[in-house]
Amino acid sequence: MNNQLKSYAIIALMSSGVTLGAYSLFNLGNSSGFSDAPSAFTTSVSNPNLPGNPGEFTYAAEKTTPAVVHIKTKMEVRQRQQSSSLFDDFFGFGDPFGGGGGRRQQQQPQEASGSGVIISADGYIVTNNHVVAEASEVTVILNDKREYKAKVISTDPSSDLAVIQIKETNLPFLTFGDSDALRVGEWVLAVGNPFNLESTVTAGIVSAKGRQNIIDRDSPDVNPLESFIQTDAAVNPGNSGGALVNLKGELIGINTAIYSRTGQFAGYSFAVPVSIVKKVSGDLIKYGNVQRGFLGVQISEVNAKLADEKDLKTSAGVYVGGFSENSAAKDAGIKINDVIVKIDGVETKSSAKLMEIVSRKRPGEAIQVTVNRDGATKEFKVTLKNKDGNTEIVKGDNSSESAKSEFLGAKFASLTPAEMKKFGVSSGVKIAEVLPDGRLEMYGLAKGSVITKINDKVINSPKEAVEALESRKGRIKLEGVDVDGSRFIYVL
């Protein structure tokens, strides 16, 4: 989660936060890709006592609010203070009780809040990645005030989506609508918890679809997947991860960002369409990461200038300007200067629409691509590949290897590829839990920190970490990266 709001930003992510007591803001239809998701996702909710009729605001609001939750998170922020350690002065190793460099580390509590949507009766909840990404503790508050500690199943920074779960059954949940069928001018409701005001409902219309370049992502490693629904339903900090629903009470989007120069609602909000939500949440639950199929093409939208420059025979579609290595599209026979006009029969008048359709598919799945080539229409069957240029499914680490060290008083877990990128490491283990009265708690290392070496030996797994500690003789030297990104060396 972004820890501060950039006042000059045009688009603001909508989680709200309280840091050290001071209030601040922090910066589908039926998709074939979701067929393997938990069966509860396809079960409809029926409540014969629900007043009103589909198409009425009151009906949609009363059907939606029980399935929208309030999410509160805690994060451990590390701050360093100067220390006058004799150990540091004489030996230069840094204060053994507060970290390297003669600085004592202190944990500063930080709290934030957002929203989430229950998508299955057994407690799966979809929210925004930026709501839970940095959290050390996630609490879910239901509409009826029940509170639960939640487990983060997995996250996807590219779509800014995440799935968490609480241990409960028979929960009210929302069914997926059809964001493809959504029309500009159609009424929608936004449901969430702005400013910690629980179960708030606002209304507006769909003002545009397929919006791109909405969020300025912090990480250069994130490849944004954006095809936002734009509405004028009022949303504010705390609405992040909340529901955008049609008047049938069906989920058609997850509210994610607002157009604002101040962090407050200024007339436009943006939601991830449910066509993407369905695929991403299903993959996160089943695989632990998102299985993305790639065409392997360099694309740009056709406009009058490009059509004239390249002598294209069409004025609408997505221009193929090049190919990546091991391109699925090139292997299927698509050529440079082709214009993709349809995928699986759906028109692709924008790059956003093309990427949205392809993002619903997994590596190994085939799509029908229609191109305009010198004025003639041609069809190609393209079998999508993963980012490595093959058709394999690669599972994530939602059930990562873990191990416990009695000596340090900690539990270790494997690092995901995303965590390796985040911390700038190629190996190591993360501290999944710091046990009470253990050495790590005494030395100030926090949950979420990464240990890369033990006694100068590179550590690649939780098992290796525990074995290195159990075979220790004399001092123990730990090297790694703290949760704030700073490097540390501890000598125990």
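Ile258 stands opposite Ser269 in β16. This pair belongs to a predicted model, in which β15 and strand β16 (residues 269-273) run antiparallel and are joined by five bridges.

**Strand β15 and its partners**

- Strand β15 spans residues 251-259, and eight of its nine residues are buried, so the strand is largely enclosed by the rest of the structure.
- β15 also pairs with strand β14 (residues 243-245), again in the antiparallel sense, through three bridges.
- Across from Leu251 in β15 stands Val245.
- β14 and β15 form a hairpin with five residues between the strands.
- Within this hairpin, Gly249 has a positive phi near 80 degrees.

- Ser449 sits in the loop that runs between α9 (439-443) and β26 (450-454).
- Ser449 has a relative accessible area of 0%, which means that the residue is buried, as the cut-off is under 20%.

**Ser449: contacts**

- The side chain of Ser449 is in polar contact with the side chain of Asp482, at 3.0 Å.
- A polar atom of the Ser449 side chain also lies 3.0 Å from the backbone oxygen of Ala446.
- Leaving out residues up to four places away in sequence, Ser449 touches Val429, Lys430 and Ile431, as well as Val481, Asp482 and Val483.

Conventions. Residues are numbered from 1 along each chain as its sequence is written. This is a predicted model: local features need pLDDT of at least 70, side-chain atom pairs count only at pLDDT 80 or more; totals for chains, interfaces and linings use all residues. Side-chain values use heavy atoms; hydrogens and water are left out. Helices (H or I, at least four residues) and strands (E, at least two) are DSSP runs, numbered from the N terminus. Buried means under 20% relative accessible area, exposed over 50%, partly exposed in between (1.4 Å probe, protein chains only). A polar contact is a pair of N or O atoms within 3.5 Å; within protein, one must be able to donate a hydrogen and the other to accept it, and residues adjacent in sequence count only if both atoms are side-chain atoms. Contact means heavy atoms within 4.5 Å. Two strands pair if DSSP finds at least two bridges between them.
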